[in-house]
Amino acid sequence: MQATSLTSAEKGTIMHLVMQQIDVTKEITEADLEHLKVHLVQQEFLREDQLEAINNESIIRFFQSDIAKRMRHAKVLQRELPFSMGISAKEAYPHYEGPEETVLIQGVIDCLFEDEQGLVLLDYKTDRITGKFPGGFEEAKSVLEKRYQVQINLYTRAIEEILNTTLEEKYLYFFDDG
């Protein structure tokens, strides 16, 4: 049989699974990740061949970041939080000229936490940046902001309307290059 490699979407799903399953309340080590990988295979969340998608170095780098430290000490932490909300078709599709209709928006928020600074949205991204943008992250930043602006705006609206609160901060965290 011909070996198949994982798609970018599959790799992203696997990284999100790790971030959902990992104990974020403590500092993460290489040993913790290896233990988690064994657990994910034993529990049949992943196959052995899918473990290649887990970039230990990127995950450890994330947990050393300021945003991860805040998340670790948050008084409220929710991960993989599904939501649904209705918005008008005209709002969803700016060029829509049909009758007034409601469009169902569904999503899954990677991480929502609350600390002393307020409510924070954190969305993980596995886009490749290194080698794709000659100027590195500084060149990629505006492209990535534009790519994810609609998603972040919809997630913000959902959080604020459903929870009847104000979202204080929003972050995209790119595992590639931290």
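**Contacts and cores**

Modeller: Leaving aside residues up to four places away in sequence, F62 touches M19, I67, A68, M71, L122, Y124, Y173 and F175; contact means heavy atoms within 4.5 Å. This is a predicted model, in which local features need pLDDT of at least 70, side-chain atom pairs count only at pLDDT 80 or more, and totals for chains, interfaces and linings use all residues. Residues are numbered from 1 along each chain as its sequence is written, and side-chain values use heavy atoms, with hydrogens and water left out.

Colleague: Where is the place of F62, and is F62 buried or exposed?

Modeller: Buried means under 20% relative accessible area, exposed over 50%, and partly exposed in between (1.4 Å probe, protein chains only). F62 lies in helix α3 and counts as buried because its relative accessibility is 0%. Helices (H or I, at least four residues) and strands (E, at least two) are DSSP runs, numbered from the N terminus.

Colleague: How far apart are F62 and F175 in sequence and in space?

Modeller: They are separated by 113 residues in sequence and by 7.1 Å in space, C-alpha to C-alpha.

Colleague: Which residues touch the most other members of the largest nonpolar core?

Modeller: In soluble globular proteins, nonpolar side chains tend to be buried together. A nonpolar core is a set of buried Ala, Val, Leu, Ile, Met, Phe, Trp, Tyr and Cys residues joined through side-chain atoms within 4.5 Å. Here the largest has 32 residues, and I59, F62, F63 and M71 touch the most other members. At least two residues of this core come from each of α1, α2, α3, α4 (66-72), β2 and β3. The most come from α1, with five residues.
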